[in-house]
Amino acid sequence: MVKQGIKNYFKSLKYFFTPLGTMFLGMMIGFSILLPGIFSAASQLIDSLKQIANNVNLDFNKLINDLWNAVKSLDWSSPSNALSTLFSSQWLNDVLNKILESALGTDFQSFNLQVSTIVDTFIAQVASCVILFVMFWIIGFSSGFTLVKFLIRRDIARRSLFKLLVANFLNSALTSTMVFLSLWLFTLWEYSIIISLIIMLLLVGVFALFEAYLIHGFKKIKLKKIVNAKNAGLYMLTNLLIFIISICMTVVAVAINVFTGLFVGLALVVIAFIVIELNAEAYVKAKASEVAKS
């Protein structure tokens, strides 16, 4: 099982560029909205400022350059912290007020309240553009996940529509049962949550094999040959090894280039999750096929 599971993972890496491509496509569509939106908001910001103070002389290009320099000054050695700061309304508000105070001089204090309102409007427009950007990135990511899952399933664990419905029903039933039992035990004894988590981890392999047996092995192979402690342990070991391999490759990619490495890591993790989900089915399907041929 371990050898076949890892083989399935490396075999599925041929679809690596599919989730990567859909993520970048989502980002490009998002950028096509984000960048023009920011420029439009900045243009409106300057026009509004000129309306409240006739003697204000603002340079659009200088404003954009000052904003860009402020963005570049963030600590991009930690991308997550830099992005968190960048999308913070407080940071953007402080930066804009500093730029405008420098440009307006004494006029800034005279029109402080009106300037603050205009800045808030600008921030709201930028925030809406950022939300749209994130939304398209998520659509790209989820589209890639769905497409890759279809392609990998076709290779290692093809199943009919009826079996797909059965699998979804079993997943929902088993997950709901485990959650209900865990919550019920928690109401009786709060520390039972620790025991519940341990048991759930152990039963993940059993449930995955049992579900795979019902879909691909029912009446074809004996249940005890599929659902047993040894196979459950090997299934969990296979999953762990796949995750370790994915993490190692991601670390190497990040070491080469942080930004690109993060996207590479996402694509690898997507494939890892899909293969892990399908490995039990692939194993049972292969065993049932062996029995049928013998």
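**Core and salt bridges in a predicted model**

Modeller: At 4% relative accessibility, Glu281 counts as buried (under 20% relative accessible area; exposed is over 50%, partly exposed in between; 1.4 Å probe, protein chains only).

Biologist: What does Glu281 form a salt bridge with?

Modeller: Arg153, with the closest N and O atoms 3.1 Å apart. A salt bridge here is a side-chain nitrogen of Lys or Arg within 4 Å of a carboxyl oxygen of Asp or Glu. Arg153 lies in helix 7 and Glu281 in helix 12, so the pair ties together parts 128 residues apart in sequence. Helices are DSSP runs (H or I, at least four residues), numbered from the N terminus.

Biologist: Is Arg153 buried or exposed?

Modeller: Buried, at 11% relative accessible area.

Biologist: How many salt bridges does the structure hold?

Modeller: Two. Asp155 and Lys14 also meet in one, at 3.4 Å, N to O. Asp155 is in helix 7, and Lys14 is in the loop between helix 1 (2-12) and helix 2. Asp155 is partly exposed at 30%; Lys14 is exposed at 52%.

Biologist: Which residues touch the most other members of the largest nonpolar core?

Modeller: Tyr9, Leu92, Leu96, Phe122, Ile152 and Ile271, out of 64 residues. Such a core is a set of buried Ala, Val, Leu, Ile, Met, Phe, Trp, Tyr and Cys residues joined through side-chain atoms within 4.5 Å. Helix 12 gives the largest share, 15 residues.

Definitions and conventions: Residues are numbered from 1 along each chain as its sequence is written. This is a predicted model: local features need pLDDT of at least 70, side-chain atom pairs count only at pLDDT 80 or more; totals for chains, interfaces and linings use all residues. Side-chain values use heavy atoms; hydrogens and water are left out. Helices (H or I, at least four residues) and strands (E, at least two) are DSSP runs, numbered from the N terminus.
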